[in-house]
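Me: I have a structure open and want to learn how to read it. Can we take it feature by feature?

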Amino acid sequence: MVSNSSTNVLLSADGTPLKKSLNRSLRQQKLRALLLIAPLLIFILVAFIMPIVSMLSRSVENELVGKTLPLTVQSIQSWDALSGELPDESVYKAFAQDIQNAAKAKVHTKVALRLNYEKSGIASLFKKTARKAKKWDIETDGPFKEKLIKVHKGWGEVEVWQTIKTHSPAYTSGYFLNAVDMRKTAQGADWQPEDKTILIKLFQRTLIMSLIITFSCIILGYPVAWLLANLPMRQANLLMILVLLPFWTSLLVRTSAWKVMLQQQGVINDVLVQLSLISDEGRLIMINNEIGTIVAMTHILLPFMILPMYSVMQTIPPSYLRAAKSLGATNWTAFWRVYFPQSVPGIGAGSILVFILAIGYYITPEIVGGTKGVFISNRIAYHILKSLNWGLAAALGTILLVAVLILYWTYDKIVGIDNVKLGG
Amino acid sequence: MARKNSKSAFVKFERVQKSYDGETLVVKDLNLEIPKGEFLTMLGPSGSGKTTCLMMLAGFETATHGEIMLNGISINNIPPHKRGIGMVFQNYALFPHMSVAENLSFPLEVRKLDKTTREEKVNRALDMVEMGDFKGRRPAQLSGGQQQRIALARALVFEPELVLMDEPLGALDKQLREKMQFEITALAHRLGITVVYVTHDQTEALTMSDRVAVFNDGRIQQLATPDQLYEEPENSFVAQFIGENNTLNGTVAKLKNETATVKLDSGEVIDCKPVNVSTVGERTQVSIRPERVELNKKRLPPGSHTLTAEVLEFIYMGDVFRTRLRVAGSDDFIVKTRNSSDQVRLNPGEKIEIGWSPSCCRALDA
């Protein structure tokens, strides 16, 4: 009897399996909880997740060429791009038909711009051809090979047709290759010519400068966090207000203030000249370069370092330091061997926060960075706002996002995300 | 034995005062001498200045005035890490990021001992507290009692001559606390170390110490052995604070030959031992321990005063009976009697005669 009942499914009082009746009783609770968070969930979905996904999908999407030049894309497939010969008349005819349709629908500039990212010069080629093509009769005006080459000698170049073929599929890795200073050619992936490599350099600069900023935040923030955690209540509160003060001032105001401070006719240079530490001709250049970005961003991100550090340090009782000293440790040994190891989770949390914020920062480098102090995010903004190469911008953004996620994952593996204390 | 020779005082507080805010004194004119090898407890309610005294001795607080001497040398200006005093903290303060062995090895490392000596000493200290098997554990993996032992071992591992303990047993449950009380005293006597122990638990103080200093309001109220403290409290604070105590208020009517006759506020007259009353007409608090009250008139010495009492409550507590009486206008007069075969049980409402030997009844300050 005893063994029998233990192997059977547990039943509730009315005979239904216990698990089933438990699920039923919990279902309503879960439903209510879901309803409560539903507005927020929907908001996040619509305003956050969906735009990000749509933006990221642009990094591989390439429907424009196929949509605008459907006949060309179809007929060019049979052409061997590596043969070194021009495609035959059927491709030229298909293209003439496509460009005429596109010109009438006024969509030829878009595809021209798209292909111009890959090979500069194509845009003018398309525009000139489109103007002429409007008047052609496709059935009778052939052959188009000679006609097109007459309109623009670019149509006699193999490379132009290679570019069209390479970028005709609906999905492309081209943007990602561009994002790391490579390009997609008929022969496969290849490095960009020397004069066009800028992005890897920018990525490197972004990483190195973010590391420098994180490190300066640790150096400057640690003593402040220590004071906050160890001062008597009243002074600590006052200090806390000073730490939080920047949060209540506009980011633009703070950054502009640094501009006033750091520029060559600015406060710091004036003071140094007045003190005769530097000559009037030897005024330091501290703005519109790396120094400006590092100084201003360290200042702006400092609270994000101090607060997590403080919340960890607050939980370290002063008796540890006392114990260490009573055991014979000097002030320094007590700090280094006993206090510091316990404050490491705070440093970790602050660093990861500051680094992630720094790596994607835009406004401050834009204002004080000049050309030498800009980050990859400024390049993304440039591609979104000026060059309108959204695909490349999306690819750059995706790389940035993945980099941050990898960083986060590594940190979790090494330190453990449980040890990150952001709010005590 | 050692304590008779006051010149060889190992620890000495000389007119020590301490103020945190410059307005009130937390410690007022403290004078205390502790001979080598003594187990001295500082006992008092919270805010009485006992922990401040300990922290001044350890070096974490500085005395506002006066001098603290260790082994005949003033240590006022010696930083804590050079004092060589072992200390056990209230919450143990074991370093959470180090293993038990690393915790113990820490004081030896900062003293730059070589590795083999360190290991040997760590092992010896762990064996001393019977925790040899726990070397590799982290403090968080130990129970409260085990952490307590490790904290003790860490305070002793560098062989200090003086060990300070700040309410080390406060976080343990009653049974474990009693066991550790015994172990700590046994260990201290075996090693011959001087211990200054701070607690607010009077039972702990009485059971563990060679001498107890009762603190209140920044002063030592009485410094005596546990039995003296209990039997012969010098003032009404000590009488109230240590053990259970019955208090009757009155005025000194007559002082003669080590006997004070006190007229209680309710009109009755009793004989007492004058402790700190000196003039006739002075207000006084008379203090009698509950177990010194005699219910059987025949056992009283001849000529003793007796008082009429009404039984209010009778509580059976196993080994003792606890009777609450109304005596001389007070509803809170407690009598404790041992549960013996000839002892009668009293019923509420009963009227009885109680008395005591005048030597057990102390006339203290009002």
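Reply: Start with pairing. Two strands pair if DSSP finds at least two bridges between them. Keep in mind that this model is predicted. Now the case: strand S3 (residues 39-43) of chain B is joined to strand S8 (residues 194-199) of chain B by five bridges, and the two run parallel.

Me: Which residue in S8(B) stands opposite B:Thr41?
Reply: B:Tyr197 does.

Me: How many bridges link S3(B) and strand S9 (residues 211-216) of chain B?
Reply: Four, again in the parallel sense. One place to look is B:Met42, whose bridge partner in S9(B) is B:Ala213.

Me: What is the order of the strands in the open sheet?
Reply: Read it as S6-S7-S8-S3-S9-S10 of chain B. That makes six strands, with mixed pairing. Next, find the edges. An edge strand pairs on one side only, and here the edges are strand S6 (86-88) and strand S10 (219-224) of chain B. From one strand to the next, the twist averages 15°.

Me: How do strand S7 (residues 162-166) of chain B and S8(B) run?
Reply: They run parallel, with five bridges between them. Within that pair, B:Asp166 faces B:Val198 of S8(B).

Me: What lies across S6 and S7 of chain B?
Reply: Helix H4 (residues 144-156) of chain B does. Its direction makes an angle of about 170° with S6(B).

Me: How should I read the two faces of a strand?
Reply: In a regular strand the side chains alternate between the two faces of the sheet. So check each face in turn. In S3(B), B:Phe39, B:Thr41 and B:Leu43 are on one side, with B:Leu40 and B:Met42 on the other.

Me: Are those residues of S3(B) buried or exposed?
Reply: All are buried, and both faces are covered. Counted along the strand, that is five of five residues.

Me: Why does B:Gly132 count as partly exposed?
Reply: Count neighbours. A residue is buried at 20 or more C-beta atoms within 10 Å, and exposed at 12 or fewer. B:Gly132 has 14 C-beta neighbours inside 10 Å, so B:Gly132 counts as partly exposed.

Me: Where is B:Gly132?
Reply: In the loop between helix H3 (115-128) and H4 of chain B. Leave aside the neighbours within four places in sequence, and B:Gly132 is in contact with B:Asn123, B:Leu126 and B:Asp127. B:Val100 is 32 residues from B:Gly132 along the chain, and their C-alpha atoms are 9.9 Å apart.

Me: Now step back. What does chain B contain in secondary structure?
Reply: Eight helices and 19 strands. Of its 366 residues, 40% count as buried.

Me: How is chain B divided into domains?
Reply: Domain 1 covers 2-236 and domain 2 covers 244-365, by the domain assignment. Their C-alpha centres lie 39 Å apart. Four residues of domain 1 of chain B touch seven of domain 2 of chain B. Those on the domain 1 side are one nonpolar, two polar and one charged.

Note on methods. Residues are numbered from 1 along each chain as its sequence is written. Chains are lettered from A and ligands numbered from 1 in the order in which they are written. This is a predicted model: local features need pLDDT of at least 70, side-chain atom pairs count only at pLDDT 80 or more; totals for chains, interfaces and linings use all residues. Domain bounds come from an automatic or database domain assignment. Two residues are in contact if their C-beta atoms, placed from the backbone, lie within 7 Å. Ala, Val, Leu, Ile, Met, Phe, Trp, Tyr, Cys and Pro count as nonpolar, Asp, Glu, Lys and Arg as charged, and the others, Gly among them, as polar. Axes are lines fitted to C-alpha atoms, for helices over the stretch in contact, and angles run from 0 to 180 degrees between N-to-C directions.
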